[in-house]
Amino acid sequence: MKDFKTEKCPDTTACPVAVTVDVIGGKWKGIILYNLISGPKRFNELGKLMPYTTKRMITLQLRELEQDGIVHREIHREIPPKVEYSLTPFGETLKPIINLLRDWGEMYGNEVLNEARDLRKYVASIGGRRQNQKVGNRSFKGVA
């Protein structure tokens with residue numbers, strides 16, 4: 001993916017969207033930001049909230065968000081060292097966007113789950129024969 005934070009965007013009407021996706025895009029950044037909306041988190045807290053990713057991936061995503069000025073990394077001088085991550089004031093401006101993504105995901109996720117359930121029922125009813133089938137708004141071709 002092109003880095004539209006540093007390169008010229010060919011479609012000026014889509015450029016703001018490209019920049020936004022460049023900053024918050026990726027599999028884990030949105031989830032990290034969502035978890036930081038409720039307040040500062042230590043690294044291990046984030047890891048527990050995102051058990052399907054690696055510590056390395058969380059570290060890389062946090063570094064990118066920090067470089068973009070979205071996340072603040074606070075090192076507390078104590079033993080053992082304590083590091084907390086929080087949204088910067090600039091990162092706080094993403095709260096409405098992240099919450100809208102969550103709302104859309106809830107709505108769309110429920111639709112997809114219902115369609116998948118309906119598709120499984122249909123496939124079971126035809127004995128797993130290959131068919132072209134439309135379930136809800138989606139067409140499933142060659143479903144076994």
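Before anything else I wrote down what buried means: under 20% relative accessible area, with exposed over 50% and partly exposed in between (1.4 Å probe, protein chains only). With that in hand I looked up Gly39, which counts as buried because its relative accessibility is 15%.

**Ground rules.** I noted that this is a predicted model, where local features need pLDDT of at least 70 and side-chain atom pairs count only at pLDDT 80 or more, while totals for chains, interfaces and linings use all residues. I also noted that residues are numbered from 1 along each chain as its sequence is written, and that side-chain values use heavy atoms, with hydrogens and water left out.

**Overview.** I found 6 helices and 5 strands in the chain; helices (H or I, at least four residues) and strands (E, at least two) are DSSP runs, numbered from the N terminus. Along the sequence they follow the pattern α-α-β-α-α-β-β-α-α-β-β. The chain has 144 residues, and 28% of them count as buried. I then turned to contacts, meaning heavy atoms within 4.5 Å. Among contacts in the chain with a separation of 6 or more, 38% come from residues 24 or more positions apart.

**Gly39 again.** I located Gly39 in the loop between H2 and S1. Its C-alpha atom is 9.9 Å from that of Glu84, a residue 45 positions away along the chain.

**The sheet.** In what order do the 3 strands of the open sheet lie? I read S1-S3-S2, with antiparallel pairing. Strand S1 (41-42) and strand S2 (71-76) are the edge strands, each pairing on one side only. Two strands pair if DSSP finds at least two bridges between them. S1 and S3 (residues 82-87) have 2 bridges, and Lys41 has Tyr85 of S3 as its bridge partner. S2 and S3 pair over 6 bridges, and here I saw Ile75 opposite Val83 in S3. S2 and S3 also form a hairpin, with 5 residues between them.

**Helices in pairs.** Two packed helices are described by the angle between their axes and the distance between the axes. Axes are lines fitted to C-alpha atoms, for helices over the stretch in contact, and angles run from 0 to 180 degrees between N-to-C directions.

I started with H1 (residues 15-24) and H2, which pack at about 75° with axes 8 Å apart. That makes H1 roughly perpendicular to H2; the cut-offs are under 35 degrees for roughly parallel, over 145 for roughly antiparallel, 65 to 115 for roughly perpendicular, and oblique for the rest. Asp22, Val23 and Ile24 of H1 meet Lys29, Gly30 and Leu33 of H2.

Next came H2 (residues 29-37) with H4 (residues 55-67), at an angle of about 75° and with axes 10 Å apart. H2 and H4 are therefore roughly perpendicular too. On the H2 side I listed Lys29, Ile32 and Leu33, and on the H4 side Ile58, Gln61, Leu62, Glu64 and Leu65.

**Helix H6.** Does the span of H6 agree or disagree with what its residue count predicts? The expected span is 1.5 Å times one less than the number of residues. For the 31 residues of H6 (residues 95-125) that gives 45 Å, and the end C-alpha atoms are 45 Å apart, so the two agree. Which residues of H6 are buried? I noted Ile98, Glu115, Leu119 and Val123.
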